[in-house]
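Reader: Could you take me through one part of this model in detail, namely the parallel sheet and the core beside it? I'd like the cut-offs spelled out as you go.

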Amino acid sequence: IDNCNGLSIIVDSLVSSLDVIKSPKFAVQIDGTVPTLLLDQVDGATIYLGLQSLNTEVFSSKCTGLNIMLPPKEGSDDDTKECPVPEQIRSYIKNGSLVSEIVEHAG
């Protein structure tokens, strides 16, 4: 999917991956299994995972406002859990090696 503004899709299952490039306000709901989701230059994306798609790997590059929605545990009365994907990485040199870690903002 390339250069689509405001696209929302529902995916049952895929064999390989779903690639999304330069698509603001993107939303995808995965009901079955999708091994890999690749996002590049996507702003304001929401990914809804089902119970079968919890093993999906998400790779993001140059993305902002990316949220992954996790389903409630089977048999519970909980709500869907919203999990933001970090946008900032801090890198520094420690003992001659490059160390990169997620910047956490606590409020």
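Author: Here is a walk through that sheet, with the rest of the chain as background.

First, the ground rules: this is a predicted model, so local features need pLDDT of at least 70 and side-chain atom pairs count only at pLDDT 80 or more, while totals for chains, interfaces and linings use all residues. Residues are numbered from 1 along each chain as its sequence is written, and side-chain values use heavy atoms, with hydrogens and water left out.

The protein has ten strands and zero helices; here helices (H or I, at least four residues) and strands (E, at least two) are DSSP runs, numbered from the N terminus. The C-alpha trace spans about 45 × 35 × 30 Å along its principal axes.

Now the part you asked about. Three strands make up an open sheet in the order β2-β4-β6, with parallel pairing; two strands count as paired if DSSP finds at least two bridges between them. At the edges sit β2 and β6, each pairing on one side only. Neighbouring strands here are turned by 10° against each other on average, direction ignored, using axes that are lines fitted to C-alpha atoms and angles that run from 0 to 180 degrees between N-to-C directions.

Let's go through the pairs. Strand β2 (residues 17–21) is joined by five bridges to β4 (residues 36–40), and there Val 20 has Leu 39 as its bridge partner.

Lys 22 lies in the loop between β2 and β3, and its phi is near 50°, a positive value in a residue other than glycine. Gln 41, in the loop between β4 and β5, is another non-glycine residue with positive phi, near 55°. Both are partly exposed: Lys 22 has a relative accessible area of 40% and Gln 41 has 30%. On this scale, buried means under 20% relative accessible area, exposed over 50%, and partly exposed in between (1.4 Å probe, protein chains only).

Next, the core. The largest nonpolar core has 16 residues, and Val 20 and Leu 39 are among those with the most contacts inside it, as are Phe 26, Val 28, Leu 37, Val 42 and Ile 47. Such a core is a set of buried Ala, Val, Leu, Ile, Met, Phe, Trp, Tyr and Cys residues joined through side-chain atoms within 4.5 Å. Strands β2, β3 (27–30), β4 and β5 each supply at least two of its residues. Take Val 28: leaving aside its neighbours within four places in sequence, Val 28 is in contact (heavy atoms within 4.5 Å) with Ile 9, Val 11, Leu 18, Leu 37, Thr 46, Ile 47 and Tyr 48.

That brings in the other sheet, an open one of five strands in the order β1-β3-β5-β7-β8, with mixed pairing. Its edge strands are β1 (8–11) and β8 (81–84), and its neighbouring strands are turned by 15° against each other on average, direction ignored. Within it, β5 (residues 46–49) runs parallel to β7 (residues 67–70), joined by three bridges, and Tyr 48 stands opposite Met 69.

As for the whole protein, 24% of the 107 residues count as buried.
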